[in-house]
Amino acid sequence: MEEAVISGVRDFARSMNSGSKVVSDMSTLISATSSLPLTKLDYWERLIRNEFYKALEVNTQPKWKFWHQPQHFLTWVDLCSWDGHKREKTIRTLSNAAPNTFFFALVLRRLNDWVPQVRMAVREHLPNIANLSNPEHVADGLCLILSNWNSWGRIEQQDKQVLLEIISSKPIADALKRKILNGTSGPLPTILSQIGRESTFDNELEDFALKAVQPSVRAKAFRCLFEGEMTWVEGYKWKWTDVRFCKGRVMPVIGKRKLTSKVPFINSLRQASDDRSSLVRRISAELLIRELNSLGVEAEILAKKFSKDPSLSVSERGDFALKKLAEKSIV
């Protein structure tokens, strides 16, 4: 994989004609980067940067006119440049769709750039790039960012708002929904929480609860439906636990928002009780215990069902619910 990327970078640099205003074909490099794991984005960015500018120096043709400076027309690869001015100019120059997920992720990564002008350029031009790009590429890139942006020290609230506005676009929202529904691994519950900052997916929560492949996604969606609100991690802050001994820990800052749409509680409880995952059934058993006094006859039916569950964590909660109901009937 690494050799394919290096070869693609060198071929692209070799094919660039400094005297032409036409950018050379990037197809080899695009093909090589299309299968790269985005979890190692920092590594791949450094590799491409080093190989590209090294290859440009080697392949620059000398000019007989000593005053002639070879021209370097900005391309998607220049998003990796060492020069902040060049990164900013590249972002302001790009007027076409991102070639693949990797290059769109490079644009998103510039929201944490150490140069303020670069971050401002991304903030201004990202919506247009996203609208022109393949929604699947955009959704893949957003999933990477949404699960990591709380660890970015330079991203600002207005940058996050730009990303949430991009997510509200129907083609991108549909692509993101398919990814969350069909994903089998990764921090999809975290992504679902982060996109819940806005009401774009409020009406889709029931689909996530019933159809998502990953049990933790279904569990998160059911919990939101039960509680009638969406919660997410805003960031982290230090909390002292014992000032005398300088002890403390990092605590998450939780944000929350009321859902704009509601599903009948008892319907969600029945659906969750039939889920194939014990993780989801356990959450429904917890909510049953919390709402015992308001469910009437249905409470005993569900409590008996949970008490016979093959999962110990679920059956224990069912037994506890039956015990509470028995105490209530005696009183």
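So, among contacts in the protein chain between residues at least 6 apart in sequence, what percentage join residues at least 24 apart? It's 68%, with a contact meaning heavy atoms within 4.5 Å.

Quick housekeeping. This is a predicted model, where local features need pLDDT of at least 70 and side-chain atom pairs count only at pLDDT 80 or more, while totals for chains, interfaces and linings use all residues. Residues are numbered from 1 along each chain as its sequence is written, and side-chain values use heavy atoms, leaving out hydrogens and water.

Okay, overall shape. The radius of gyration of the protein chain is 26 Å, whereas a compact globule of 331 residues would come in near 20 Å; that's over C-alpha atoms, and the globule rule is 2.2 Å times the number of residues to the power 0.38. Along the principal axes, the C-alpha atoms fill a box of roughly 100 × 50 × 35 Å. Of the 331 residues, 46% are buried (under 20% relative accessible area; exposed is over 50%, partly exposed in between, with a 1.4 Å probe and protein chains only).

Now the rings. We get nine aromatic pairs, counting Phe, Tyr and Trp (its six-membered ring) with centres within 6.5 Å; planes under 30 degrees apart are stacked, over 60 edge-to-face, the rest tilted. Tyr-43 and Trp-44 sit 5.0 Å apart, centre to centre, with planes at 70°, so they're edge-to-face. Tyr-43 has 28% relative accessibility, so that one is partly exposed, but Trp-44, at 4%, is buried. Phe-102 and Phe-103 are an edge-to-face pair too, at 5.4 Å and 85°, and both are buried. Finally, Phe-12, Phe-52 and Tyr-53 make up one aromatic cluster.
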